[in-house]
Amino acid sequence: MKHIIIGGDGFVGSRLAADLVAMGEDVLVADIQKSDHPHYATVPFVNADVTRPESVEALPLSPQDVVYNLSAKMLSPIVTRAERHEFFWPVNYHGTQNILHWMEKRGANRLVHFTTDMIYGHSVTVPQDETHPAKPLGEYGESKLATERLADEYRAKGFSIPIFRPRLIIGPGRLGILVKLFKLIDMNLPVPMIGGGNNPYQFISVFDCASACVAAWKAGFPNEAYNLGSDDPPPVKKLLGDLIKHAGSKSILLPTPAPLVKLTLDALDAINMPIMDPEQYKIADEICILDTSKAKRQLGWKPQHRDEDMLLAAYTEYRKAKDGQKPAERSLAA
């Protein structure tokens with residue numbers, strides 16, 4: 001059996017590849033770019049573009065192999081409303097479609113697939129379990145939800161497809177939407193919050209995402225959806241306040257009236273001048289906490305890393321990159 005990680009050069013994929021290699025597993029990485037990860041000394045890499053069926057079908061695959069789909073277009077960089085459909089759907093939906101078709105043709109039927117908590121939209125219940133209504137607020141969440149429906153079609157054909165819905169994935173090496181925050185802190189500028197910052201903001205560690213993939217494999221690839229999030233997330237103002245203190249910055253936290261800020265951001269988005277994606281700011285002051293008890297119960301998985309530690313680790317990597325020590329972000333894949 002071989003573990004084929006599509007999007008395996010990205011944030012979660014590279015961590016998963018390293019973990020599987022450490023376990024003595026046979027691994028193949030497929031991605032559109034190749035970084036300098038040390039495990040490439042023993043792990044083969046194949047260039048592949050999931051938006052091109054012929055590129056996916058050129059990948060080697062046997063019926064007993066396992067596939068992990070970590071290819072994705074995410075909410076960073078920010079793109080205009082007019083561009084969003086063409087930005088997200090070719091990779092997120094059609095790429096998944098190409099992967100599933102390729103697997104079906106080769107007789108392989110085990111896939112670990114990542115979507116997002118953004119399929120939920122506004123919080124209806126707190127915490128949100130996997131039965132929470134799915135009403136995405138934009139093209140990113142819509143494209144990911146569509147892949148879950150696609151997975152259901154293939155499950156009916158005999159596929160085994162565990163689905164993970166992570167919160168914002170964080171840790172050393174991932175910046176994305178955090179860049180703006182880190183820049184404000186470095187320049188000792190006020191850090192605005194949408195609302196008062198009393199609501200918790202839950203992350204999930206890259207290490208815990210990789211361990212969830214392993215847990216799904218070990219559990220036999222159950223046909224279920226699982227939330228992934230940290231335990232006991234702190235309030236936004238504590239999370240950011242601790243980061244400012246750690247950075248030795250003179251920045252202050254600036255609470256703002258959430259309804260007014262959202263109206264302003266809506267107006268900027270409407271004229272194709274976004275500074276945040278609606279899927280981010282529309283829920284920024286809500287309590288969005290994922291209930292991860294199902295993954296803990298069925299997969300024996302448990303998050304091991306705290307949000308505070310992962311945010312500080314991401315900032316530390318950002319500082320290293322800024323000081324020219326090494327790249328802080330390598331891929332747009334999940």
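Me: Which handedness does the crossing of α1 past α6 have?
Reply: A crossing is right-handed if the near helix is turned clockwise from the far one by less than a right angle, and left-handed if anticlockwise. Here α1 passes α6 in a right-handed crossing. The model is a predicted one, in which local features need pLDDT of at least 70 and side-chain atom pairs count only at pLDDT 80 or more, while totals for chains, interfaces and linings use all residues. Residues are numbered from 1 along each chain as its sequence is written, and side-chain values use heavy atoms, with hydrogens and water left out.

Me: At what angle do the axes of α1 and α6 cross?
Reply: Axes are lines fitted to C-alpha atoms, for helices over the stretch in contact, with angles from 0 to 180 degrees between N-to-C directions. Helices (H or I, at least four residues) and strands (E, at least two) are DSSP runs, numbered from the N terminus. Helix α1 covers residues 11–22 and helix α6 residues 206–218; their axes cross at roughly 55 degrees and come within 9 Å. That angle makes α1 oblique to α6, since under 35 degrees counts as roughly parallel, over 145 as roughly antiparallel, 65 to 115 as roughly perpendicular and the rest as oblique.

Me: Which residues make that contact?
Reply: Contact means heavy atoms within 4.5 Å. From α1 come Phe11, Val12, Arg15, Leu16, Asp19 and Leu20, and from α6 come Val206, Phe207, Cys209, Ala210, Cys213, Val214 and Trp217. By class, the contact of α1 with α6 has 11 nonpolar, no polar and 2 charged residues. In this scheme Ala, Val, Leu, Ile, Met, Phe, Trp, Tyr, Cys and Pro are nonpolar, Asp, Glu, Lys and Arg are charged, and the others, Gly among them, are polar.

Me: Now another pair: how do α3 and α4 pack?
Reply: Helix α3 (residues 84–106) meets helix α4 (residues 139–155) at an angle of about 15 degrees, and their axes are 8 Å apart. The two are therefore roughly parallel to each other. The crossing of α3 past α4 is right-handed. Among the residues in contact are Phe88, Trp89 and Tyr93 of α3 and Tyr140, Leu150 and Tyr154 of α4. The classes in this contact come to 8 nonpolar, 7 polar and 5 charged.

Me: And what is the angle between α5 and α11?
Reply: α5 packs against helix α11 (residues 307–322) at about 70 degrees, with axes 11 Å apart, so α5 and α11 are roughly perpendicular to each other. Leu178, Phe182, Lys183 and Asp186 of α5 touch Leu311, Ala314, Tyr315, Tyr318, Arg319 and Lys322 of α11. This contact of α5 with α11 divides into 6 nonpolar, no polar and 4 charged residues.

Me: Which residues lie nearest the centre of the largest pocket?
Reply: On a 1 Å grid over the protein atoms alone, a pocket is an open set of points with protein on both sides within 12 Å along at least five of seven lines, a cavity is a set where a 1.4 Å probe fits but cannot get out, and lining residues have an atom within 4 Å of a point. Points are joined across faces, edges and corners, and a volume is the space filled by probe spheres set on them. Here Ile177, Leu178, Tyr201, Met276 and Gln280 lie nearest the centre, among 49 lining residues. The largest pocket holds about 1,400 Å³ of space. α5 gives the most to its lining, with 5 residues. The lining has 34 nonpolar, 8 polar and 7 charged residues.

Me: How many cavities of 30 Å³ or more are there?
Reply: The count is 1. The largest cavity has a volume of about 40 Å³, and Arg167, Tyr201 and Cys288 are among the residues lining it.

Me: Where should I look for backbone exceptions?
Reply: Most residues other than glycine have a negative phi, and most peptide bonds are trans. Serine 76 and proline 77 are joined by a cis peptide bond, with omega about 5 degrees; proline 77 sits in the loop between β4 (66–69) and α3. Another cis peptide bond joins valine 126 and proline 127, with omega about -5 degrees. Aspartate 232, not a glycine, has a positive phi of about 50 degrees, and lies in the loop between β10 (225–228) and α7.
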